[in-house]
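Please open the structure in your viewer and keep the selection panel at hand.

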Amino acid sequence: MKQLTFILIIAIFLGCKQNSKSEFIALGSDKISIRERKELNQNILNYVKYNSDVLALTNVTVFDGKGNPAKENQTLIVENGHFQAIGQSSKIDIPKGATTINLKGKTIIPGIVGVHNHLHIPRFPFVGETASKLYLASGVTTIQTCGSASPEQGVELSKKIEQGKFIGPNIITSGPYFTGKGGNPNMIIPRDEKHIKDTIQYWTKKGVRWFKVYRHTTPSDLEIIIQEAHKRNAKVTGHLCSITFEQATNFGIDGIEHGLNSTSDFRKNKTFGICDGSREYIDELNIDSEKVKRLQQLMIDNNVFLTSTLAIYESSVPNRAFADERTLEVMSSFLKSQYSERRNNFDSQKSSDNLRERRLKRIMEFEYQFFKMGGTLTAGVDAGRHVLPGFGDQRNFELLKEAGFTNEEAIKIMTSNGAKVLSNSEVGVIENGKKADFVVINGDIKKNIRNVELVFKDGYGYDPKLILKDMNGKFGE
Ligand SMILES: [Zn+2]
């Protein structure tokens with residue numbers, strides 16, 4: 001009893017202090033926890049369609065994000081942004097006072113967790129504010145920025161969203177990129193060991209939890225970066241070239257980006273530690289050969305995840321590089337003109353060579369095999385060209401299915417697997433007690449993931465149409 005009184009006093013104190021909607025919810029018979037929704041600024045509430053403490057979503061098809069078969073005719077009770085009950089509609093009691101939304105003919109998936117989701121695009125070091133809107137409107141509720149061109153602004157935006165002052169996904173910010181001599185001058189090219197350590201210390205103090213190494217990083221720098229990041233509770237992922245997947249895995253890297261396209265393990269004429277050699281290996285390699293399987297098994301044994309970025313690769317495949325209607329609407333006139341230029345080039349070449357198409361297929365095969373062997377495959381948009389934040393994440397879903405994954409598997413890759421590598425067990429799944437960040441798709445997701453009708457995050461149901469309404473021509477201005 002004493003303990004209960006103490007918890008109540010603390011709870012009331014917290015409730016008053018934060019001045020937010022809080023409620024005591026009995027979880028089971030003996031546990032009491034506080035559930036509250038954060039307060040949102042009025043300008044954000046303008047995009048919110050559902051704003052009530054208790055929601056009942058009825059008659060809906062649910063993909064749980066864990067890869068289990070979808071279940072039809074489900075009812076979900078959400079209280080203050082958390083799932084309180086999930087089950088067959090006939091068996092779930094709807095609490096008094098709940099706002100009921102009949103979702104017959106619709107589908108629910110967990111909010112997408114994108115782990116290669118920048119707040120910049122080539123030539124534009126920060127497009128965070130428009131990108132955030134696009135992510136959320138497309139059903140992406142958590143992102144890891146996976147290398148930042150302007151980390152300071154990323155950290156700021158992440159805080160603003162967290163405080164309910166700006167609209168967007170939860171943002172796990174990463175620090176500036178590390179690379180090596182000959183690499184991109186906008187990135188950190190370490191002068192010495194101290195430079196690396198100081199950089200990591202500086203950014204982790206600011207709340208950064210991820211560092212990305214880029215193509216020219218030297219092996220000795222990578223070892224120091226990994227050691228220092230791990231010491232400071234941060235993780236390291238890489239877009240590799242100078243260093244092979246095998247070496248990076250043996251150094252203790254946490255994740256590797258882009259899959260087969262950046263695997264230098266099989267390059268011909270490659271020098272150790274230098275980004276050189278040729279890409280023809282992609283065409284010649286047997287994906288189900290022992291050497292590829294051995295490499296993938298090494299990654300799996302060392303818990304190294306692999307991030308799939310199929311949409312951005314597809315954008316360089318001539319017979320596939322088409323921007324859809326909604327993308328053209330949102331792109332700035334500058335990005336649109338760049339797109340037409342690229343399109344014209346592709347069209348004028350009229351080459352019968354479908355090299356890049358074949359390579360896309362190999363990249364898919366590599367990822368499919370890694371997943372089937374038990375590897376943690378995640379996904380991210382890596383926005384660029386005409387592949388936009390959010391829209392490109394949805395395109396990834398379609399491409400993962402083209403790669404052979406089932407709907408359930410593709411959703412798992414894009415939700416709970418992302419949450420797993422971010423060590424966030426609260427999101428990425430539709431499960432009792434977890435955070436109710438989820439997406440309502442109008443219709444059958446097997447046919448179309450793009451018809452996003454509602455996006456729930458932090459207990460608020462956003463209307464994507466309202467978010468996208470004033471975005472015409474705004475992205476990449
Ligand atoms: Zn990237």
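The model is a predicted one.

**Stop 1: the domains**

Begin by colouring residues 1-37 as domain 1 and residues 112-428 as domain 2, the two parts into which the protein is divided. Taken over C-alpha atoms, the centres of domain 1 and domain 2 are separated by 40 Å.

**Stop 2: the sheet of three strands**

Next, select β9, β10 and β11, which form an open sheet in the order β9-β10-β11 with parallel pairing.

Which residue of β10 is the bridge partner of G114? Selecting I143 shows the partner of G114 in β10.

**Stop 3: the sheet of five strands**

Proceed to β12, β13, β14, β15 and β16. Together they make an open sheet of five strands, ordered β12-β13-β14-β15-β16, and the pairing is parallel. Which strands stand at the edges? They are β12 (210-213) and β16 (377-379); because each has a single partner strand, one side of each lacks a neighbour in the sheet. The twist here averages 30° from one strand to the next.

Within this sheet, select β13 (residues 235-238) and β14 (residues 255-257), which run parallel and are joined by two bridges. For G238, the bridge partner in β14 is I256.

**Stop 4: a pair of helices**

Finally, select α14 (residues 391-402) and α15 (residues 407-414). Two packed helices are described by the angle between their axes and the distance between the axes. For α14 and α15, the packing angle is about 135° and the axes are 9 Å apart. This angle makes α14 oblique to α15. The crossing of α14 and α15 is right-handed.

To display the contact, show the following residues:

- from α14: N396, F397, L400 and K401;
- from α15: N407, A410, I413 and M414.

How many residues of each class does the contact of α14 with α15 have? Five are nonpolar, two are polar and one is charged.

Note on methods: Residues are numbered from 1 along each chain as its sequence is written. This is a predicted model: local features need pLDDT of at least 70, side-chain atom pairs count only at pLDDT 80 or more; totals for chains, interfaces and linings use all residues. Two strands pair if DSSP finds at least two bridges between them. Helices (H or I, at least four residues) and strands (E, at least two) are DSSP runs, numbered from the N terminus. Axes are lines fitted to C-alpha atoms, for helices over the stretch in contact, and angles run from 0 to 180 degrees between N-to-C directions. Angles under 35 degrees count as roughly parallel, over 145 as roughly antiparallel, 65 to 115 as roughly perpendicular and the rest as oblique. A crossing is left-handed if the near helix is turned anticlockwise from the far one by less than a right angle, and right-handed if clockwise. Two residues are in contact if their C-beta atoms, placed from the backbone, lie within 7 Å. Ala, Val, Leu, Ile, Met, Phe, Trp, Tyr, Cys and Pro count as nonpolar, Asp, Glu, Lys and Arg as charged, and the others, Gly among them, as polar. Domain bounds come from an automatic or database domain assignment.
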